[in-house]
Amino acid sequence: MNINVNKQIEEDCLSSLKLQIGLVEQLKGQSITVIGGTGFIGTWIAELVAIINDTFDGNITLELLGRSTSLWASKHPHLCRDDIILRVQDVRSPFSIREDTTLVIYAAAIADPSIHASDPYKVYQTNVGGIENALHAASRLPRIARFLNISSGLAVAGSTTEAISERNIGILDYTRIQNMYAQSRRTAESLACIFAAQFRIPVITARAFTFIGPYQSVDAPWAINNFIRDTINGNDIRIRGDGSTRRSYLYGSDAAVWLLKIAVAGKNGDIYNVGGEEAISHSEVAHALVKLCKKKPDIVFTGKSASVDRKYDFFPDLSYGKSSLNLKQAFNMKLSLERSMLWHSKNILSQKG
Amino acid sequence: MNKKILISDPTLRDGNHAVRHQLRKNDFSTYCKAADAAGVPMVEVGHGNGLGASSMLVGECSLSDEIILSTARENLQHSKLAVHAIPGFCTIERHMAMALDLGVDVFRIAAHCTEADITDRHIAFARKHGKEVYGVLMMSHMASPDHLADEAFKMQGYGAEGVVIMDSSGHYLPFDVSERISALVEMLSIPVGFHAHNNLGMGIANSVAAVQAGATIIDGSARGFGAGSGNAQLEVLVAVFEKMGYETGIDLYKILDAADIAEKEIIPSLPYISSTSIVSGLSGVFSGFIKEVNSISAEHGVDARDIFTELGSRNAVAGQESLILEVALALKGDSSGEAR
Amino acid sequence: MSNKLRCAILGTGNIGTDLLIKVMRSDLLECTLFAGRNFRSEGMQKAIALGVNISDKGINAIVDKADVIDVVFDATSAAAHIEHWPVIEGLGKIAIDMTPAKLGSFCVPAINSQEICGSGVRNINMITCGGQASVPIAAAIAEVHNNIEYIEIASSIASRSAGPATRANLDEYIETTEDALIKFSGAEKAKAILILNPANPPVDMQTTVYAKIKNPDIVKINAAVNAMMLKINNYVAGYALLVPPTVINDDIVMITIKVLGVGDYLPRYAGNLDIINCAAVGVAEDIATNVLELMS
């Protein structure tokens, strides 16, 4: 892989790390297992571990469990190192975790809305069955310091225009199939509670909002990825609805750093939102992307439903994470977009070249 | 309140059903020119069952998809060129990629109303290539409003920019339409549309009910040229919507001209509600079966209306044309000794 | 006892589990390993109840147990089979591929099972369910007419018998079936259509074959089709004619077949899953017979 691309990632990791004072110290010597580790978060955590070990003598070991690891290895040869172990494991099947593990991070849930639509049962098996297996495995670890469940803000979001707080419970009509994903996240959080209470393992929850950055596929079925893909392909940016729906975006290195901070320094049983601060509409994102391109794509609004103007804004209230853990964003929206576009275009160039 | 309606015109696609897919090159160029001049936003062309559907099963097309699409493309300057595509009939590589190359602007990916999850990859393909894409649910009377909304929601999840439900058999009364459109409008954050058939004389009324329930996409064909008793009559729709205060972007006089041209030059016989199509509408059987049923009925001396009623009770779906002969033979009491 | 051909089944979904039951019933085959990725899957639970050796290590389990395996049924996915085949090949085993990966030779037992067994081919591809139903009929017609212009098959299967994997792979199904039709019938062009029928109670699998031929000899075609059906019935008991060869429009021959499943693991209406499994077991049994003959 392109050395320049790696340099960018390195810089990003260091920028994010710099804002979390003390985190490197707290991570030193830890033995981390990321379940679902070949995904977006797992890959960023691997980058962080590599940098901390190389730059700060971190002495961290990291194991990544994934359904298939060979593709990941071929995409990230610079991350195939002695301190990063890869293991094939389907989370739906019971498994064990390396005995000396101190931090377990569950990042294996299926968040892809296409799969929610086509295979809701698999989503349930993975999000609920998978975390159950992970919790069982964690409960047998003698030195576990924390089990971090990366859940989703969608577990408690509803129709809203407000920042979503960790204390939201939210009403969920669990009888509708559309709500199956949110319900699976709730059930997973419940399971984590059970294991905390009965099996006495230290559990903590992070609710993920929208992430952005290198290592996310442009084909991933989220609006911002579609916009980036449309832009790169020279097509119009197509926005469903009137473009007023708001999201916030957290850059990959920030997200990974926050999650690690939560894992080592958060309070047992607590829930922390992980997401970007600035709520920004799809329309504004599209315009920002256009500004970044030489060839200016058109922005096309494809129309919305005639229903009463329900809003599904999705962004977090970050006050708790800020006050208790001093979580800080190194990359604001503008920078996040720039860094992502830079990476995607370099990636495409290196694929073509 | 949104006062704009997007009219999609399948005269040269649904109309192909009425002529067993034998529309000629001239038909495509003539009507496309006229529709384009009238400001029709979206013109849909092809075999009645869509891209790649030319087959023994549903009828061979006189022209290849390639010729139809390139002819239409040449003759549409402002209108968008749309295709109907059913996974299971057409594939991404062999059909959709070709359509993309030929300049299709809009893909309407269709499935039977309970099988939306076959449309994932096809919708994604169109989106990936920056095209406008809609999900279409056919024979939509065969699912409850809630179930229909669930299926539409899947299509939204795959990236569809709108979902159109079809009354493929002309089975609905206005209340049925309002119920279903409302359910979709409530569930989705993308536009909802309706495609009528006129078997029970409800083409226009149903389309109006759809709009009043929140639909913003309506299909209509010139003179109603389409399968069975035809679709909602396009030029009537334009007039009615204009009277109701909606904007369609279509010039009324020019669409009347286009319909006149269609009547004169491309429609061999104007759609009407025949006795058979009343029965097929009542039994909820796909309108596109009518020609085949009539021909098999004549050949085997079995009452077409009986065939339809039996097909209805067997919940026949589009593409099951081979069932028609089976049903006819069974009704005839044909025991050739080999069918078990 | 150990004269049985030792089979591993890779993939513990519906296909794999149904295969397991058929293999266990066979006098010529035994299942020495049932391998997948998830111990908690329904198929795994069934295998545990049947006392079969199981593993959740997927292809790695095949490697570990290579010394007790002769044949691997791959019932995973096309993408996965592409990864598995080099491993299976490296171990010197035969793969019977249930996916549309098309890496190996197409096999329809009624047509070319003996030829496949004799050829030493190690990757045997079972085409698709629609292919197993229609290709033998297409081949029967081709015995009578070597100038088929066009073959088309339209299959309708119960919506309930089509899971997420089938639905996500309609294109692969179509393309693989069309390739096989052309190969076995010599037709210039082929088309395959698949329709999911949501009717309740679920409909049985039904396939209609259309062949475009100048001056079709319907008498000879009937005879050829009937002869082929006898061969098919050897390994697919529930395969039957619904509409016998009929000429429509002078130059089109139409035949409709119905396949009723045995009901081993899935309900009988899922004839589509049953036929491809029966065919796979059929060719495995032919391999076993050949081996026995060689040994004797």
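Predicted model: local features only at pLDDT ≥ 70, side-chain atom pairs only at ≥ 80, totals over all residues.

Tutor: A residue counts as buried if 20 or more other C-beta atoms lie within 10 Å of its own, as exposed if 12 or fewer do, and as partly exposed in between. By that rule B:R20 is partly exposed, because 17 other C-beta atoms lie within 10 Å.

The fold of chain C comprises 10 helices and 12 strands. Its C-alpha atoms fill a box of roughly 60 × 50 × 30 Å along the principal axes. The radius of gyration of chain C is 19 Å, and this agrees with a compact globule because such a globule of 296 residues would have a value near 19 Å. Among the contacts in chain C with a separation of 6 or more, 70% are between residues 24 or more positions apart.

The contact with chain B takes 27 residues from chain C and 28 residues from chain B. On the side of chain C, the elements that give two or more residues are β8 (150-158), α7 (164-168), α8 (170-185), β9 (189-197), β10 (205-212), β11 (239-248) and β12 (252-259). Of these, β9(C) gives the most, with 6 residues. The side of chain C that touches chain B has 17 nonpolar, 5 polar and 5 charged residues. The contact with chain A takes 8 residues from chain C and 7 residues from chain A. There the residues of chain C divide into 3 nonpolar, 1 polar and 4 charged.

The loop between β9 and β10 of chain C holds C:P201. A cis peptide bond, with omega about 0°, joins C:N200 to this C:P201.

In chain B, 8 strands close into a barrel in the order β1-β2-β3-β4-β5-β6-β7-β8, with parallel pairing. From one strand to the next the twist averages 25°. One of the pairings is that of β3 (residues 80-85) with β4 (residues 106-112) of chain B, which runs in the parallel sense over 4 bridges. Across from B:V83 stands B:F107 in β4(B). Strands of a sheet pair through backbone hydrogen bonds, either parallel or antiparallel.

To return to B:R20, this residue is found in the loop between α1 (11-18) and α2 (25-38) of chain B. Its phi is positive, about 50°, although B:R20 is not a glycine. A:D57 is found in the loop between α3 (40-56) and β2 (61-66) of chain A. This residue counts as exposed, because it has 10 C-beta neighbours inside 10 Å.

Chain A also supplies a helix with buried residues. In α10 (residues 282-292) of chain A, A:H282, A:V285, A:A286 and A:L289 are buried. These residues lie on the same side of α10(A), because they cover an arc of only 100° around the axis. An α-helix has 3.6 residues a turn, so residues three or four places apart point the same way.

Key
Residues numbered from 1 in each chain as written. Chains lettered and ligands numbered in written order. Contact = placed C-beta atoms within 7 Å. Nonpolar A, V, L, I, M, F, W, Y, C, P; charged D, E, K, R; others polar. Rg over C-alpha atoms; globule rule 2.2 N^0.38 Å. Pairing = 2+ DSSP bridges. Axes fitted to C-alpha atoms, helices over the stretch in contact; angles between N-to-C directions. Arc of directions from axis to C-beta.
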